[in-house]
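Q: Please take a close look at one part of this model: the place where the two chains meet. Which residues make up that side, and what kinds are they?

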Amino acid sequence: MLKTLRQIARIGCVTEPPVEADEALRLRVRLQAQILDVLGRALCIRAIDAGSCNGCELEMQALANPFYNLEGIGIRFVASPRHADMLLVTGPVTSQMRSALERAYAATPDPKLVVAIGECACSGGIFGAGTACVGRVANVIPVDAAVAGCPPSPEQIMSAILTAITAPPTTPM
Amino acid sequence: MTGADWRAGAMPLAGAPGMRSLTVDGEAWRAAAQCLAGEGARLLALWGDDTGAIPRVLAAFATAAGGGAPTATETLLLALPVKRASEQAYPGIEEFFPAASRMQRAAAEMFGLQSTDPDRRPWLLHGPQPQDYAFTRVAGEGVHEIPVGPIHAGIIEPGHFRFSVVGEKVLRLEERLGYTHKGVERLFATMPLLEGHRLAARLCGDSAVGYSWAYAQALEGMALVAIPPRAARLRAIGLELERIANHLGDLGALGNDAGFAFGLSQFSRLKELLLRATERALGRRYLFGLIVPGGVSTDLDAAGRAALANCLDELGTEIPRLREIYDEHAGLRGRYVGAGEVPPALAARLGLTGLAGRASAQAYDLRVDQPCAPYAEFPPRKCEAVAGDVAARVAIRYDEALESCGLVRRLAADLPEGPCRVHLPVPPEGAAAVGLIEAWRGPILVALTAGAAGSIRRCHPHDPSWQNWPVLEHAIIDNIVPDFPLINKSFNLAYSGHDL
């Protein structure tokens with residue numbers, strides 16, 4: 001226990017302080033204000049891998065590390081679409097994930113936001129659309145914001161979340 | 001006949017070192033499989049190929065090499081020309097290599113090549129009524145089922161797990177995968193040979209270097225080109241950085257899944273430091289696009305080397321420190337020790353491979369046993385544990401992460417001068433080769449055949465998760481449901497890489 005406490009003290013807080021002129025940090029401060037304006041509480045996100053190679057998931061996981069500390073600014077990932085305000089969807093949507101994605105979208109309460117993460121989610125990417133893949137996320141559910149990149153960096157993913165909250169939510173088709 | 005006899009009759013094959021291939025008939029196919037299994041050979045991959053005049057089933061085995069180190073291996077590729085399912089089934093080899101079952105099912109649904117083995121359910125393709133999949137039912141008083149997925153809690157890939165439980169105890173787990181099936185084998189066949197590495201890197205995002213290297217190795221083998229020594233070193237640096245990053249991520253997640261959030265923050269901090277150093281050294285956080293046909297796309301300069309060295313210094317101090325904390329934490333030990341046990345005999349019987357195999361005394365590592373350049377010059381220490389539980393798979397990750405830190409240092413010191421990429425001529429139609437790379441999860445195999453005018457005729461990528469997913473079903477038996485996330489994470493198997 002002593003070693004654990006000593007390690008915590010030794011490393012200290014590595015979350016980059018918002019006073020520094022750092023693009024990621026500037027984004028984070030704006031992000032918090034926007035969320036409070038729109039939702040007045042924590043933003044809850046459900047991540048859905050609709051067929052990705054797992055690269056985008058790795059960068060989404062990085063949002064929770066102490067450098068980006070997404071939870072520290074009121075955004076957290078939840079385990080059910082029923083608890084979510086926003087879906088972060090990755091992948092070219094595969095034919096075999098299509099109905100799961102549609103059902104998760106239907107299970108998310110209104111008003112809801114959808115952000116497509118990564119090149120494949122934006123355009124189908126290298127996998128395109130065909131028999132096995134339906135292609136981009138917008139082919140299946142309405143998308144409020146999209147960020148390309150293979151994979152996009154954690155900063156770019158945060159930026160996409162911001163874009164979605166500043167745009168008016170779409171109504172389900 | 002012995003395995004040596006089968007190998008003696010086989011022809012050398014391009015790609016990874018120690019590859020030989022042999023075309024056999026149905027009787028010899030089964031006899032060879034039985035003989036190889038008896039000698040302790042391991043099944044690396046089994047797949048179908050319908051591009052020739054006669055469709056074929058192919059199987060690659062790791063066999064003991066004559067002479068040299070006791071674990072030195074060679075690869076024997078058996079090719080069996082077969083008739084279509086409607087005519088006649090080919091002899092299955094599940095009896096000798098249990099891991100063959102799902103691979104044979106995939107070959108059947110994708111190419112209509114049906115084996116004689118009993119399980120004829122589809123595997124990767126769900127069809128119009130996916131809910132009709134015939135899960136094995138467990139009967140008895142108080143038995144009930146828990147279906148989980150395809151969408152899982154957390155930021156992870158999709159797949160379905162069906163638990164049959166009594167109270168909290170798991171009697172049986174059955175996996176249902178294929179949700180991320182993207183038709184990549186057909187997609188490869190629409191791409192030029194010199195572009196295929198881009199798709200290979202995106203088959204499984206956490207193993208981008210492993211897959212793109214295996215692909216490039218096959219391509220360079222069939223083009224009869226040796227990459228420059230500097231390129232080989234840079235590839236190995238990339239592969240080891242990928243290994244360290246994944247191990248750091250897993251060690252954090254394994255702490256978190258046992259309720260130790262401290263572990264997640266500490267290790268995710270280290271992983272972020274490593275990704276940032278990787279970006280400074282090689283231009284990207286994840287190494288998609290590093291490996292290109294003929295070499296690597298990005299050179300490592302002095303500033304990049306310094307960034308890597310700084311980061312490796314920090315990892316070298318922090319990882320042992322955190323290991324001590326993990327090892328002394330009674331709560332963590334309580335969750336890890338004895339959880340998800342795969343005893344060595346079971347691991348050998350089922351063909352458990354890669355990292356998880358080494359935690360169950362299956363001490364195989366291609367970097368040592370069948371090394372390609374530059375690993376023959378830079379052999380890592382092979383890490384091994386025998387307990388086969390979560391604690392052992394955690395220990396292997398600590399050992400390998402530290403070993404790879406040292407290895408990257410050695411690889412980056414005194415980099416040979418010269419180009420880091422050479423021109424690759426277009427291989428002739430019909431040329432074939434197999435690439436084989438020990439990625440962080442285990443051996444990745446890529447079998448490649450050239451088509452006309454620089455096209456791909458056939459490309460089959462094989463993920464080590466094929467062998468290990470069925471073993472996870474055994475590892476969970478008699479454990480409690482709440483330990484599943486921990487046990488599952490300790491294997492950390494691929495969905496996308498497996499689903500093709």
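A: Two residues are in contact if their C-beta atoms, placed from the backbone, lie within 7 Å. This is a predicted model: local features need pLDDT of at least 70, side-chain atom pairs count only at pLDDT 80 or more, and totals for chains, interfaces and linings use all residues. Residues are numbered from 1 along each chain as its sequence is written, while chains are lettered from A and ligands numbered from 1 in the order in which they are written.

Start with the count. On chain A, 40 residues are in contact with 35 residues of chain B. Now look at the elements on the chain A side. Helices (H or I, at least four residues) and strands (E, at least two) are DSSP runs, numbered from the N terminus. At least two residues each come from α1 (2-11), β1 (43-49), α3 (55-62) and α4 (98-107) of chain A. Of these, α3(A) gives the most, with 6 residues.

Next, the residue kinds. Ala, Val, Leu, Ile, Met, Phe, Trp, Tyr, Cys and Pro count as nonpolar; Asp, Glu, Lys and Arg count as charged; the others, Gly among them, count as polar. By that scheme, the side of chain A that touches chain B has 24 nonpolar, 13 polar and 3 charged residues.

Chain B also has contacts of its own. Its domains, with bounds from an automatic or database domain assignment, are domain 1 (3-111), domain 2 (147-181) and domain 3 (184-492). In chain B, 10 residues of domain 2 are in contact with 8 residues of domain 3. Strand β9(B) brings the largest share of the domain 2 side, 6 residues.
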